[in-house]
Amino acid sequence: PQILDASPIRVEATLMDVKRPLRDGYACTREIRRREKASGQRLPIVALTANVMSDAADQCREAGMDAYISKPVKMDAIRDVLGGFAMLADEDSTPACESNGSHDLSHHV
């Protein structure tokens, strides 16, 4: 979240490791979502998690994440998820990100 304070870099999407030191990915995502309320913009956040339990999608959704990728991460999964966000921006449609260990949380709502 410190990057949100003074970064001149435009971030298009974030890959958020759920098990981060000091502050977990859920807490970071909640803080990003809190700060976004003022701007009205929404940064796509993709969780990276080794959690394969059925509640993983619920935890990610509750924190405000848009998708998650199961570890070990494969490049195809990253391409699928990020490509899905590009489709949303271009066509305002829902991406299909169900392959290669990636999960679009909008399909689980």
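**View B. Pairing of β1 with β2.** The two strands run in the parallel sense and are joined by four bridges. Leu15 has Val46 of β2 as its bridge partner. Between β1 and β2 the chain passes through α2, and this β-α-β crossover is right-handed.

**View C. Glu31 in helix α2.** The helix covers residues 25–39. Glu31 has a relative accessible area of 13% and is therefore buried, the cut-off being under 20%. Its side chain makes a polar contact with the side chain of Arg35, at 2.7 Å.

**View D. The largest nonpolar core.** This core has 13 residues, of which Met16, Tyr26, Ile45, Ala47, Cys60 and Met65 touch the most other members. At least two of its residues come from each of α2, β2 (45–49) and α3 (56–63). Another core, of eight residues, lies apart from it and includes Val46, Leu48, Ala77 and Phe85. In soluble globular proteins, nonpolar side chains tend to be buried together.

**View E. Residues 92–100, where pLDDT stays under 50.** For this segment the model has 30 contacts beyond four places in sequence. Where pLDDT is low, the predicted coordinates should not be read in detail. Over the chain, the mean pLDDT is 77, and 70% of the residues reach 70 or more.

Technical notes. Residues are numbered from 1 along each chain as its sequence is written. This is a predicted model: local features need pLDDT of at least 70, side-chain atom pairs count only at pLDDT 80 or more; totals for chains, interfaces and linings use all residues. Side-chain values use heavy atoms; hydrogens and water are left out. Buried means under 20% relative accessible area, exposed over 50%, partly exposed in between (1.4 Å probe, protein chains only). A polar contact is a pair of N or O atoms within 3.5 Å; within protein, one must be able to donate a hydrogen and the other to accept it, and residues adjacent in sequence count only if both atoms are side-chain atoms. A nonpolar core is a set of buried Ala, Val, Leu, Ile, Met, Phe, Trp, Tyr and Cys residues joined through side-chain atoms within 4.5 Å. pLDDT is the predictor's confidence in each residue, from 0 to 100. Contact means heavy atoms within 4.5 Å. Two strands pair if DSSP finds at least two bridges between them. A crossover is right-handed if, with the strands pointing away from the viewer, the path from the first strand over the helix to the second runs clockwise.
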